[in-house]
Amino acid sequence: MFRLDGKVALVTGGFRGLGRSMAEALANAGAHVVAADVLPEDVGQETLRLLSEGGGKGELKRLDVTNGEQVEETFREVHKRLGRLDIVVNNAGIARDNLLLRVSDEDIQKTFAVNVTGAINCARSAVRLMMRAKTGRIINLASVVAELGNPGQSVYSASKAALIGLTKTLAREYASRGITVNAVAPGFIDTDMTKNLPEDAKKYMLEQIPLKRIGSPQDVAAAVLFLSSDEASYITGQVLRVNGGMYV
């Protein structure tokens, strides 16, 4: 089950963190994975190593998702060279957390440029290619805070809520072309970002999770793998919550 043999997937923000875990899971399932990121390629070498070690196929691409022209060129190049583009995971994102009165204009603009405009750019370029094939999977990475809210994350939560709206609308627009569009909303996940939280903050977060544990990147990657697979062909416009019961 959940095999992706012969398919091509592109994961934005794929050089580290959750993106790396998603890229690895898709490659292990048989997909040729293009890990795309704005970071220098040397940062992605560990991702490339993991893709190869697992017997999968993968490559790295420098990509600034906020640049619509660059996104279009990259997607077309991948499609032309590999012959197809089946799966796009919009994972690239940033968080500039602060109370609203302390948020700068630059924080707002940058967060929405990467988290929202970036996802729109990638979805637009993906749809152009997937419509011809009459099949495709687009998966947007939202967040539990998009639905639950969290003090100090007004801008971030707003950007992630926008992705849920984008997901539902695109699902309706392109279902007739065989393209499914879904979102995955992670909760409190063990990443570099959460590792730096104060212990009292971690304790508080754990108290809000019925399963009483922090989620792993692999938990999120498994959800992305499922939505990428043929087994999820009748699922579109949905938000798959990977949060241990933090929001139900």
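1. Lining of the largest pocket: helix H1 (17-28), strand S2 (32-37), and helices H4 (105-133), H5 (145-148), H6 (154-174), H7 (192-195) and H8 (199-207) each supply at least two residues, where helices (H or I, at least four residues) and strands (E, at least two) are DSSP runs. The model is predicted, and local features need pLDDT of at least 70, side-chain atom pairs 80 or more, while totals for linings use all residues. Residues are numbered from 1 along each chain, and side-chain values use heavy atoms, without hydrogens or water.

2. The volume of this pocket is about 1,400 Å³, and among its 47 lining residues Gly93, Ala95, Tyr156, Thr191 and Met193 are the closest to the centre. On a 1 Å grid, a pocket is an open set of points with protein on both sides within 12 Å along at least five of seven lines, a cavity is a set where a 1.4 Å probe fits but cannot get out, and lining residues have an atom within 4 Å of a point.

3. There is 1 cavity of 30 Å³ or more; the largest cavity holds about 60 Å³ of space, and of its 13 lining residues Asn90, Ala92, Val114, Asn115 and Ala119 are the closest to its centre. Helix H4 gives the most to this lining, with 5 residues.

4. The whole structure contains 1 aromatic pair (ring centres within 6.5 Å). Phe2 and Phe226 are edge-to-face (planes over 60 degrees apart), at 5.5 Å centre to centre and 70 degrees between the planes. Phe2 lies before strand S1 (8-12) and Phe226 in helix H9, 224 residues apart.

Technical notes. Grid points are joined across faces, edges and corners, and a volume is the space filled by probe spheres set on the points. Rings of Phe, Tyr and Trp (its six-membered ring) pair if their centres lie within 6.5 Å; planes under 30 degrees apart count as stacked, over 60 as edge-to-face and the rest as tilted.
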